[in-house]
Amino acid sequence: MKFSKDGKLKIMQITDIQEGAKVSVDTMKLLESAVKSEKPDLVIYTGDQIKGYDVSYKGKSKEKLADIIGNTIDTILKPVTSRNIPFAVTFGNHDCQTGISNKEQFEKFYKSYPSCLGVQAEGIDGGGTYNIPVKSSDGSRTALNIYLIYSGTDTKNGGYEPVDKNIINWYKETREKLKEENSDYVPSLVFQHIPLCEHYNVLKKVSKRTKGAIPAFRTHKGEFYIIDKEKCSSDSVLLEPPSIPDINTGEFDAFKEKGEVFGVYVGHDHKNSYVGKYQGIDLGFTQSSGFSTYGNGKERGVRIFILDENNPKEYQTYTKTYRQLCDGKLQKPITDAIGKMAPTNFDMAKPMIAKAVGILACIIAAAVLLIKYL
């Protein structure tokens, strides 16, 4: 990868497509419109390309499963691969749930496309961890480095795995190797799926009664948050709690050690879209782009980054949504409306279930009384 002749680089982040065998028409409409409109130099997929728990993947032989997954990946990549745009991919918590490992998916499917970048880091399990150096327009130096990090999958107790310490050590080794090759630390962007624990440091803790307060769970159970306007960009959106790991293995602390990492961007929580600065590093969320899972209606979209080779840290970022890019109604507006209102995780579902049970109990009690006295 190189910066273009004008010294610029445009990156598009796409996350949480989450499709099964039958890919949503609206998903493809969004992806095609986004790529056609923005014309990125590089596209980065940050996990959950595949809806690993989809029924279309269940009960199949490995050979048949590979055919189905291969067709799904071919379809969702088409807007990029048909234009020979370079792309890179890491994985989320759902990709591996298909029964075919991330590493196998990377080597068998994604690397079969000539425009797929990256070589999996040696000695790292899970697939989807590597770095992409980007040369200056004249090819004389590495002007930017991009890290893709596999942030893990679900844990047995319902939470999410922390980033493997081996990956953090690999990052540190790669950082120092790049410094040796370039006589200084190289400005770097990080892309992964699951948010860092430090995301709560760009949010504002408020009372339950605060307008727009979002309830948090697990390590932040009983707390409520809104966007901190002093730390986040003006277009920031928070509609669900950042689903962070229960354990912090020190990933953020490693990133801030030398000051070369200036941004870490994630997906995972489909409705969130914000950028906040904490201790000199931008922590960003990008909303989902897939219509076969829950999301924020026509505000689903992609994120764009525009960087200058002479000062990558002073970059521009913005999102482009279905509403902005696409005309016409959604193919399944009712299904989407249900997905928009549905709880985003089991913790959020608990009070809704309890309330529904309570209402049902009242209805049954009223019916019993009516039968008894009428």
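## Salt bridges and overall build of the chain

The side chains of Lys172 and Glu257 form a salt bridge in which nitrogen and oxygen lie 3.6 Å apart. Lys172 belongs to helix H4 (residues 165-182), whereas Glu257 sits in the loop between helix H5 (251-256) and strand S10 (261-266), so the contact ties together parts of the chain that are 85 residues apart in sequence. The model in which this pair is found is a predicted one. Lys172 has a relative accessible area of 28% and is therefore partly exposed, and Glu257, with 43%, also counts as partly exposed.

The structure holds 13 salt bridges. Another of them joins the side chains of Glu32 and Arg83, at 2.5 Å from N to O. This pair links distant parts of the chain, given that Glu32 is in helix H1 (residues 25-38) and Arg83 is in the loop between helix H2 (62-81) and strand S3 (87-90), 51 residues apart. Glu32 counts as partly exposed because its relative accessibility is 32%, and the cut-offs for that class are 20% and 50%. Arg83 is likewise partly exposed, with a relative accessible area of 32%.

A further salt bridge is formed by Arg218 and Asp246, whose closest N and O atoms are 2.6 Å apart. Here too distant parts of the chain are linked: Arg218 lies in the loop between strand S8 (214-215) and strand S9 (224-227), and Asp246 in the loop between S9 and H5, 28 residues apart. Shared partners also connect some of the salt bridges, and in this way Lys172, Arg175, Glu176 and Glu257 are joined into one network.

| Salt bridge | N to O distance |
|---|---|
| Lys172 and Glu257 | 3.6 Å |
| Glu32 and Arg83 | 2.5 Å |
| Arg218 and Asp246 | 2.6 Å |

Turning to the chain as a whole, eight helices and 14 strands are present. The radius of gyration is 22 Å, which agrees with the value near 21 Å that a compact globule of 374 residues would have, and the C-alpha trace spans about 90 × 45 × 40 Å along its principal axes. Of the 374 residues, 54% count as buried. Among contacts with a separation of 6 or more, 72% are between residues 24 or more positions apart.

The chain exposes about 17400 Å², of which carbon and sulfur atoms supply 53%.

Definitions and conventions: Residues are numbered from 1 along each chain as its sequence is written. This is a predicted model: local features need pLDDT of at least 70, side-chain atom pairs count only at pLDDT 80 or more; totals for chains, interfaces and linings use all residues. Side-chain values use heavy atoms; hydrogens and water are left out. Helices (H or I, at least four residues) and strands (E, at least two) are DSSP runs, numbered from the N terminus. The radius of gyration is taken over C-alpha atoms; the globule rule is 2.2 Å times the number of residues to the power 0.38. Buried means under 20% relative accessible area, exposed over 50%, partly exposed in between (1.4 Å probe, protein chains only). Contact means heavy atoms within 4.5 Å. Accessible areas come from the Shrake-Rupley method with a 1.4 Å probe; for residues, only the protein chains shown count as cover. A salt bridge is a side-chain nitrogen of Lys or Arg within 4 Å of a carboxyl oxygen of Asp or Glu.
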